[in-house]
Amino acid sequence: PASDVFSLMEGDEFRALVDDIKRHGLIVPITLSAGMILDGRNRYRACQEAGVEPHYQEVSGDLNPWSHVWSINATRRHLDPGTHACCLYECKLKSSEWLASREQAKAKANRKRSKATDQRPRRDDGTLLPGPASVLSVDTTLDAKREWEHEKLAEEAGTSSATMGRAIGLTKGHPDLAAQ
């Protein structure tokens with residue numbers, strides 16, 4: 001899903017990739033994360049069309065796929081400023097959500113581990129007897145909803161604050177159009 005932020009190659013550009021892979025083979029392996037293509041969808045498609053067996057490299061499951069996709073594609077893709085801004089915003093938003101979900105999973109695992117080793121007195125039904133306050137979990141979903149300043153994102157995208165603002169508005173209001 002992270003690689004879907006950037007559109008697939010089409011037309012003459014894709015034809016040129018297919019022809020190059022036919023002549024030289026696949027030079028840069030396709031990057032996988034959890035068995036899914038993280039980087040190299042176009043190379044994979046070109047290999048299929050060229051009849052060339054692709055080769056892969058797997059990256060760590062701890063790698064933030066959204067940050068990785070942005071880092072790999074932001075400078076090598078030839079995007080207009082508005083598309084660049086939309087892609088950056090989506091990667092930042094999804095990256096924040098990904099980080100929040102990992103933090104929630106860690107917190108849940110820690111609560112489960114704490115509960116399993118908790119030796120405090122309990123009632124017959126398993127509920128705790130009154131005693132010291134239990135550990136409170138922190139709601140990390142707020143991080144996923146955090147808004148970034150247009151100026152900071154615009155600087156990272158290499159575009160104006162106004163273009164970044166339009167990209168954010170488009171992504172939020174009409175994600176289907178932003179994807180196009």
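This is a predicted model: local features need pLDDT of at least 70, side-chain atom pairs count only at pLDDT 80 or more; totals for chains, interfaces and linings use all residues.
Biologist: Let's start with the open space. How much space lies in the largest pocket?

Modeller: About 980 Å³. The lining is made up of 44 residues, and the closest to the pocket's centre are Phe 6, Ser 7, Asn 42, Asn 73 and Arg 77.

Biologist: Which element gives the most to that lining?

Modeller: That's α4, with 8 residues. At least two residues each come from α1 (11-24), β2 (36-39), α2 (41-50), α4 (81-117), α7 (161-173) and α8 (175-179).

Biologist: And by class, what does the lining of the largest pocket have?

Modeller: There are 21 nonpolar residues, 11 polar ones and 12 charged ones.

Biologist: OK, on to the inside. Which residues touch the most other members in the largest nonpolar core?

Modeller: Val 5, Phe 6, Trp 70, Leu 88, Leu 153 and Met 164, out of 21 residues in that core. Two or more core residues come from each of α3, α4, α6 (150-157) and α7. The largest share is from α4, which gives 7 residues.

Biologist: Take Leu 88, then. What does Leu 88 touch?

Modeller: Leaving out residues up to four places away in sequence, Leu 88 touches Trp 70, Leu 153, Glu 156, Ala 157 and Met 164. There's another core apart from this one, with 11 residues, including Met 9, Phe 14, Leu 26 and Leu 32.

Biologist: Switching topic: how many disulfides does the count come to?

Modeller: The count is 0. Take Cys 86: the nearest cysteine sulfur belongs to Cys 87 and is 6.9 Å away.

Biologist: What about His 68, where does it lie?

Modeller: His 68 is in helix α3, residues 65-73. Its contacts, not counting residues up to four places away in sequence, are Thr 31, Leu 38 and Leu 63.

Biologist: Why does His 68 count as buried?

Modeller: Because its relative accessibility is 19%, and buried means under 20%.

Biologist: Now α2. Which residues of α2 are buried?

Modeller: Arg 41, Asn 42, Arg 43, Ala 46, Cys 47 and Ala 50. The cover over them includes α1, β1 (30-33) and β2.

Biologist: What follows α2?

Modeller: Gly 51, with a positive phi, near 75 degrees.

Biologist: Which residue has a positive phi although it is not a glycine?

Modeller: Ala 34, with a phi of about 55 degrees. Ala 34 lies in the loop between β1 and β2.

Biologist: Last one: is Ala 34 buried or exposed?

Modeller: Exposed, because Ala 34 has 65% relative accessibility and the cut-off for exposed is over 50%.

Note on methods. Residues are numbered from 1 along each chain as its sequence is written. Side-chain values use heavy atoms; hydrogens and water are left out. On a 1 Å grid over the protein atoms alone, a cavity is a set of points where a 1.4 Å probe fits but cannot get out, and a pocket is an open set with protein on both sides within 12 Å along at least five of seven lines; lining residues have an atom within 4 Å of a point. Grid points are joined across faces, edges and corners, and a volume is the space filled by probe spheres set on the points. Helices (H or I, at least four residues) and strands (E, at least two) are DSSP runs, numbered from the N terminus. Ala, Val, Leu, Ile, Met, Phe, Trp, Tyr, Cys and Pro count as nonpolar, Asp, Glu, Lys and Arg as charged, and the others, Gly among them, as polar. Buried means under 20% relative accessible area, exposed over 50%, partly exposed in between (1.4 Å probe, protein chains only). Contact means heavy atoms within 4.5 Å. A disulfide is a pair of cysteine sulfur atoms within 2.5 Å. A nonpolar core is a set of buried Ala, Val, Leu, Ile, Met, Phe, Trp, Tyr and Cys residues joined through side-chain atoms within 4.5 Å.
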